[in-house]
Amino acid sequence: MPSGSADGGPVLALAGHFYRRDPRLVAPDLLGKVLVHDDRAGRRAGRIVEVEAYCGTGDPGSHAYRGMTARNATMFGPPGHLYVYFTYGMHWCANVVCGEDGRASAVLLRAGEVVQGLDVARARRPSVRADRDLARGPARLAQALGLTGADNGADLVRDDSPVWLARPAEPVAPERVRSGPRVGLSRAGDRPWRFWLDGEPTVSRYRPHTRPR
DNA sequence: GATAGGATGCTCT
DNA sequence: GAGCATCCTATCC
C-alpha cells in the first residue's frame, strides 16, 4: 500500500472498492482527498476541492457518449485508474475512472490545493503569483502536479503506482459539500454533477460555456 | 472585480 | 473542417 505524509499527518491510499460506485457518489467523496504524484521532480500532492461526475455512454457531456475511441479507452477499463486527456491544443486534464468495469464513468478533478511539493509546482507555473491559483482549474491542477498523457491509465490502487489518492487525517465535514451545474460544456452542462467544498479559496470560478465565434 | 478574445493542436465527423 | 470537460492577457470598470 503506498504511504506517505502529504500534510504532516498519516495517510492511507484508497482501496479499489472506493472507485467501483456511481460517479455521482464517488465525486463528493473525493473532496478533501489528496492526489499524490511521484516523478523525477519529486513528490507533489494536491488536496481535491472541486470535481465533476461524468456518467459514461448515457451522458451527452462525457467523452464516452459516442462510444469507445482510442482517446477515451481508459474510461472503459476497470475503475481506480487515471484518465488523462489533451484538450484545446495545450492542456492536460485528469479524471478518476469509477463505476463498474466497462461503464466508462469518471470524475474530473477540477481544482485542488497544493499541499506538498510547492516549490516544484511554483517552478512549473511561473506565471502564477498566488499559491491558491497553482491548481485552481483542471488544466492547472494537472500541470501543478506534473500529470500528462504519460500518466494516462495509471493504476491508483497498485502498491508501486506513482499516482494514488490518499485519505487525509481530517475528514471533510459533509455540510461543506456543495453541488451545481458543470463547467465549460456545450451540452448537458446543466446537470448538477459538479461538487465542491464551500469556502475553499482554491475552487475555480464558475463560468458557463462560451460559444465559439 | 469582471469580461472578451486569442492561443493551439488533437480528435472525431 | 469543426469542435473542444481551458487558460492567459488585456482592458474596463
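Guide: Start with burial: a residue is buried if 20 or more other C-beta atoms lie within 10 Å of its own, exposed if 12 or fewer, and partly exposed in between, with C-beta atoms placed from the backbone. Of the 213 residues of chain A, 44% count as buried.

Visitor: Where do these coordinates come from, and how is everything numbered?

Guide: This is a predicted model, in which local features need pLDDT of at least 70, side-chain atom pairs count only at pLDDT 80 or more, and totals for chains, interfaces and linings use all residues. Residues are numbered from 1 along each chain as its sequence is written, while chains are lettered from A and ligands numbered from 1 in the order in which they are written.

Visitor: How many helices and strands does chain A have?

Guide: Chain A has 4 helices and 9 strands. Helices (H or I, at least four residues) and strands (E, at least two) are DSSP runs, numbered from the N terminus. In order from the N terminus, the elements run β-α-α-β-β-β-β-β-α-α-β-β-β.

Visitor: And what box do the C-alpha atoms fill?

Guide: Along the principal axes, the box is roughly 40 × 35 × 35 Å.

Visitor: Which residues touch the most other members of the largest nonpolar core?

Guide: They are Val51, Val96, Ala106 and Val107, in a core of 55 residues. Strand E3 (residues 42-55) gives the largest share of this core, 7 residues. A nonpolar core here is a set of buried Ala, Val, Leu, Ile, Met, Phe, Trp, Tyr and Cys residues joined through C-beta atoms within 7 Å.

Visitor: What does alanine 106 touch?

Guide: Not counting residues up to four places away in sequence, alanine 106 touches Pro23, Tyr54, Met75, Tyr83, Asn95, Val96, Val97 and Cys98. Two residues are in contact if their C-beta atoms, placed from the backbone, lie within 7 Å.

Visitor: Change of topic: what surrounds DNA strand B?

Guide: Arg66, Thr69, Ala70, Arg71, Asn72, Phe86, Thr87, Tyr88, Gly89 and Met90 do. Near means that the C-beta atom of a residue, placed from the backbone, lies within 6 Å of the molecule or strand.

Visitor: And which residues come nearest to DNA strand C?

Guide: Of the 20 residues around DNA strand C, those are Leu108, Gly137, Ala139, Gly184 and Ser186. Strand E5 (91-98), strand E6 (105-116) and helix H4 (138-145) each supply at least two residues of the surface near it.

Visitor: Which alanines have a positive phi?

Guide: Alanine 104 has one of about 60 degrees, and alanine 188 has one of about 55 degrees. Most residues other than glycine have a negative phi.

Visitor: Is alanine 104 buried or exposed?

Guide: Alanine 104 counts as buried because it has 28 C-beta neighbours inside 10 Å. Alanine 104 is in the loop between E5 and E6. Alanine 188 is partly exposed, with 16 other C-beta atoms within 10 Å, and is found in the loop between strand E8 (177-180) and strand E9 (194-197).

Visitor: Last one: where does leucine 14 lie?

Guide: Leucine 14 lies in the loop between strand E1 (12-13) and helix H1 (16-19). Leucine 14 and leucine 156 are 142 residues apart in sequence, yet 8.2 Å apart in space, C-alpha to C-alpha.
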